[in-house]
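Let's take a friendly walk through this structure together. Have your viewer open and follow along.

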Amino acid sequence: MFEKGEYIIYGRSGICKVEDITYLNIAGADKKRRYYVLAPLNIKGNRVYFPVDKKDANARRLITRQEAWALLDEMQDIQEIWITNEKLREDSYKQALNSCDYRQWVAIIKTLYNRRKARVSQGKKIGATDERYLKLTEDALYGELAFVMGKEKNEMEPFIIRYMEEKNKKEKV
C-alpha cells in the first residue's frame, strides 16, 4: 500500500504524488471503496483515481537512487525487443510501456535506437509508431531517473550516453 505524500509511478500518468487515500463521493465511484488520489507531476492540476484494492493497477514505488545506478550498470545486458510483424511490435511496445517496468523501458529504447540507426543507414526514416513509442518511453524512463537522481529530464540521455562510454572504456582497460 502506498502512503500519502509518497511519489509513485502510475501507468502512463508517470510520476504521481499520492495526495490522499479516501472514499470518493463522485459519480461512477464505488462509495464503499477507498481510492488513491494521485497528482501527476507532468500534468498540473490533473487528478487520477484508482482503487486501493485494485490488483492489476500498473502502479509501483519509484526506483531508488541506488536502483537507478544499478540499472545504468545493467543497461548493456538488457535485451532488445525484436519482432518483425509491425502490428505485433506496436502491441509489444504498448505492453512494455504500460507495465511500469523500467527494464522493459530500456529494452524498448535500445530496440528503437538500433532500428533508427539501421533505417538511417539504409536512407530511410524511423516509422511514426516507432518514433511515438521512443518518445513516450524516453519520457517515462528519463523522467523517473532524473527525479530520483536530482537532474533535469533533458540531461538524462546525454548523461546515460557519457556514463556508458566511460563504463566501456574502463572495461576495456
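We begin with confidence, then turn to the sheet, its helix and the cysteines.

This is a predicted model, in which local features need pLDDT of at least 70, side-chain atom pairs count only at pLDDT 80 or more, and totals for chains, interfaces and linings use all residues. Residues are numbered from 1 along each chain as its sequence is written, and side-chain values use heavy atoms, with hydrogens and water left out.

The pLDDT (the predictor's confidence in each residue, from 0 to 100) has a mean of 91 for the protein chain, with 99% of its residues at 70 or more. Helix H1 (residues 65–74) has the highest confidence, at 96, and helix H2 (residues 86–98) the lowest, at a mean of 87. Helices (H or I, at least four residues) and strands (E, at least two) are DSSP runs, numbered from the N terminus.

Now look at the open sheet: 5 strands, in the order S4-S3-S2-S1-S5, with antiparallel pairing. Two strands pair if DSSP finds at least two bridges between them. Strands S4 (48–51) and S5 (59–61) are at the edges with a single partner strand each, so one side of each has no neighbour in the sheet. Within the sheet, S1 (residues 7–10) and S2 (residues 14–23) run antiparallel, joined by 4 bridges, and Ile-9 stands opposite Ile-15 in S2.

What about the cysteines? A search of the whole structure finds 0 disulfides, a disulfide being a pair of cysteine sulfur atoms within 2.5 Å. The sulfur of Cys-16 has that of Cys-100 as its nearest cysteine sulfur, 9.4 Å away. Cys-16 is buried (under 20% relative accessible area, where exposed is over 50% and partly exposed in between, with a 1.4 Å probe and protein chains only), at 0%. Cys-100 also counts as buried, at 2%.
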